Amino acid sequence: AEALVRWQHPQLGIVMPSDFIPAVNRLGLDCMLFERVCVRVIDALQTLRRLGLAVPLAINAPATTLSETRCIDFLLDRVRSAELPPSLVRVELTEDQPIHDLDVLRASLLRLEEAGCEVSLDDFGTGHASLKLLSAIPLSEVKIDQYFVTRMRRSAVAFEVLRTAAELATRMGW
């Protein structure tokens, strides 16, 4: 399962992330949003646990957010406080922002992995990911962007990109 952020605006109705996340990032509110989503995810995981269900839940975040020590500390502290298995939390690195400091991002993702959380790369193929990034960060999963998946039956190129990415991911154990 994946926690997806939507903004229920009184006049506009549901506002999609592509419409408000860039503003959140520009205003420096990305850590605040990440923390809010973490709280909601931990609450949901605790509710599921009380019902006898152990369903991993993913949280999306860009590299800038995941490079912030306080964001990683907040998530790991919440998981520990809730006494949840960290394996129930998956963090998905989104490709919507460039990576300014690969070493810092790698250290943060290693902390998550060492704590027992899974790390995914979301929407692979349409953003800022590179082969360098794939070889530098710990990953459990690569999620190929739907752009290629929806076109694979109509486009030989999309099919080959998808097949090659899936083969790479398989060989790397993702």
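Reply: Glu83 is exposed, with a relative accessible area of 63%; on this scale buried means under 20%, exposed over 50% and partly exposed in between, with a 1.4 Å probe and protein chains only. The model is predicted, so local features need pLDDT of at least 70 and side-chain atom pairs count only at pLDDT 80 or more, while totals for chains, interfaces and linings use all residues. Residues are numbered from 1 along each chain as its sequence is written, and side-chain values use heavy atoms, with hydrogens and water left out.

Glu83 belongs to the loop between α4 and β5. Such labels number DSSP runs from the N terminus: helices are H or I runs of at least four residues, and strands are E runs of at least two. The phi angle of Glu83 is near 55°, a positive value in a residue other than glycine.

Asp123 also has a phi near 55°, again positive in a residue other than glycine. Asp123, however, lies in strand β6 and is partly exposed, at 32% relative accessible area.

Contact in general means heavy atoms within 4.5 Å; leaving out residues up to four places away in sequence, Val89 touches Ile42, Leu45, Leu57, Ile59, Leu75, Val79, Cys117 and Glu118.

Arg26, in helix α1 (residues 17-26), counts as exposed at 67% relative accessibility. Its C-alpha atom is separated by 24 Å from that of Asp145, which is 119 residues away along the chain. Val149 sits in helix α7 (residues 146-151) and is partly exposed, at 39%. Beyond its neighbours within four places in sequence, Val149 is in contact with Ile144 and Leu162. Val149 and Phe159 are 10 residues apart in sequence and 7.8 Å apart in space, C-alpha to C-alpha.

The whole chain can now be described. It contains 8 helices and 7 strands. Its radius of gyration is 17 Å, close to the 16 Å given by the globule rule for 174 residues, so the chain is as compact as a globular protein of that length. This radius is taken over C-alpha atoms, and the rule is 2.2 Å times the number of residues to the power 0.38. The C-alpha trace spans about 45 × 45 × 35 Å along its principal axes. Buried residues make up 37% of the 174 residues. Of the contacts between residues at least 6 apart in sequence, 68% join residues at least 24 apart.
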